[in-house]
Amino acid sequence: MNKRQNLLKGIIKENPVLVLILGTCPTLAVSTSVSSALGMGAAAAIVLLCSNIVISALRKVIPDTVRIPCYIVLIAGFVTMVQMLVKAFAPALDESLGIYLPLIVVNCIILGRAEMYANKNKVIDSAIDALGMGAGFTLALLLMATIREVFGSGTWMGIQIPVLAQNNISIMTMAPGGFLVFGILIAVVNKISGGKNAKKNFGCAGCPSAEICGKTSCEEKEEEV
Amino acid sequence: MTNFIIIMLSAVFINNYVLSRFLGICPFLGVSKKLNQAAGMSVAVIFVMLMATAVTWPIQTYLLDPNNLGYLQTIVFILVIAALVQLVEIILKRYIPSLHKSLGVYLPLITTNCAVLGVTILNIDEGYTFAESMVNSLGSGLGFFLAMVMFAGVRSRLEGADIPKAFQGLPITLVAASITSLSFLGFSGVIENLFA
């Protein structure tokens, strides 16, 4: 795989949100307005880039058995840095992201890329992978936020849209609208990709934490039942 | 006393962690297929939330704040929760094997669950006292339990339904979650009027 394909795969073919279904919590929560979605996307992308580079550089130093705790500490460190920067330079963004800013620590995209890519590949490749995945996450958030903000409050980045501003569907900016828009977007992606992903069930197998919890605890449990 | 009831009821119904705050979506969608799994997972979450709050609140109040180390909150909390979950698992395995058998498999999953980290950070952000924090954690856990168990019921009805191909699997689950969450919107405003 050349560098260009590596960069582009995160945006379309392996989009972390719409195809790999990772990082659902922040996607649903901050996509109520375009500006907070962009802020969230940028913050997560910066953390992802830093953590992928450092984890890839340290991949031969970190002992395999304690790698997950090491990754979590590294990621938490970068999240704290981003948190302090946002508090200092963009207090309005800090306000709108609220609790979801520190919760980037438990965003599965970041731990997932560390586990699936950065600990097996060279620093430059990992950085490119992080850029692609970060862009894919931001674009997916932007798409969701555009749909929700345009129909929900009749604005885009605060710009009024003539007819929709008077006839907004306020449920779109509330919690049920988030689930609904996300569900329909994934259905559209399934349709376009020819139902290749439709069969893939959402569960432990796709979750990056699967490695931590002994891979198949959910499936084992299911078989028992 | 009214204060505790308000915190409790709003954590369970109005600010439900899953359906209105979007925390803990992964287990909500992943482990809600069968009722007994959903219940087991939720009980484990309630347990860990209470333990995590009991440990992190004193750390923040007596250790981090007096030493101006508030910015270490994120790192310290995630490490404490991860260590705590491991410890609880080891203790359960050694002393109460029957409980470990029913809850144990869910415990490691909870380490990276945003609902647990979320509740500990929110308790600090809201400025709750220790007792209020514990009540809030219990309420949040019960809210998670309620959402999981309700949704497991909804999903069992979906199994036999005739669903368009593109919507099979996750999309229809999300649409069902949307309708479940819609029903919880009906609770907004109830608590204020109840104690007005």
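A search of the whole structure, which is a predicted model, finds four salt bridges over all chains, a salt bridge being a side-chain nitrogen of Lys or Arg within 4 Å of a carboxyl oxygen of Asp or Glu. In one salt bridge, the side chains of A:Lys9 and A:Asp129 meet at 2.8 Å, N to O. This pair links distant parts of the chain, with A:Lys9 in helix α1 (residues 3–9) of chain A and A:Asp129 in helix α7 of chain A, 120 residues apart. Helices are DSSP runs (H or I, at least four residues), numbered from the N terminus.

In this predicted model, local features need pLDDT of at least 70 and side-chain atom pairs count only at pLDDT 80 or more, whereas totals for chains, interfaces and linings use all residues. Residues are numbered from 1 along each chain as its sequence is written, chains are lettered from A and ligands numbered from 1 in the order in which they are written, and side-chain values use heavy atoms, with hydrogens and water left out.

Helix α7 (residues 123–153) of chain A also packs with helix α6 (residues 108–118) of chain A, at an angle of about 145° and with the axes 11 Å apart. Axes are lines fitted to C-alpha atoms, for helices over the stretch in contact, and angles run from 0 to 180 degrees between N-to-C directions. The contact (heavy atoms within 4.5 Å) is made by A:Ile109, A:Arg113, A:Tyr117 and A:Ala118 of α6(A) together with A:Asp125, A:Ser126, A:Asp129, A:Met133 and A:Phe137 of α7(A). Its residues divide into five nonpolar, one polar and three charged; Ala, Val, Leu, Ile, Met, Phe, Trp, Tyr, Cys and Pro count as nonpolar, Asp, Glu, Lys and Arg as charged, and the others, Gly among them, as polar.

In chain B, the axes of helix α3 (residues 35–64) and helix α8 (residues 130–158) come within 9 Å and cross at roughly 165°. That makes α3(B) roughly antiparallel to α8(B), a term for angles over 145 degrees. By class, this contact has 21 nonpolar, six polar and no charged residues.

The axes of helix α4 (residues 73–95) and helix α7 (residues 114–125) of chain B come within 10 Å and cross at roughly 135°. B:Gln73, B:Phe77, B:Ile78 and B:Ile81 in α4(B) meet B:Val116, B:Leu117, B:Thr120, B:Ile121 and B:Ile124 in α7(B). These residues comprise seven nonpolar, two polar and no charged.

Between the chains, the contact takes 45 residues from chain B and 47 residues from chain A. Chain B and chain A bury about 4,200 Å² between them, 77% of it on carbon and sulfur atoms; buried area is the accessible area (1.4 Å probe) that two parts lose on being put together, summed over both. The count of salt bridges between chain B and chain A is zero.

How values were computed. Helix = DSSP H or I, 4+ residues; strand = E, 2+ residues; numbered from the N terminus. Parallel < 35°, antiparallel > 145°, perpendicular 65-115°, else oblique.
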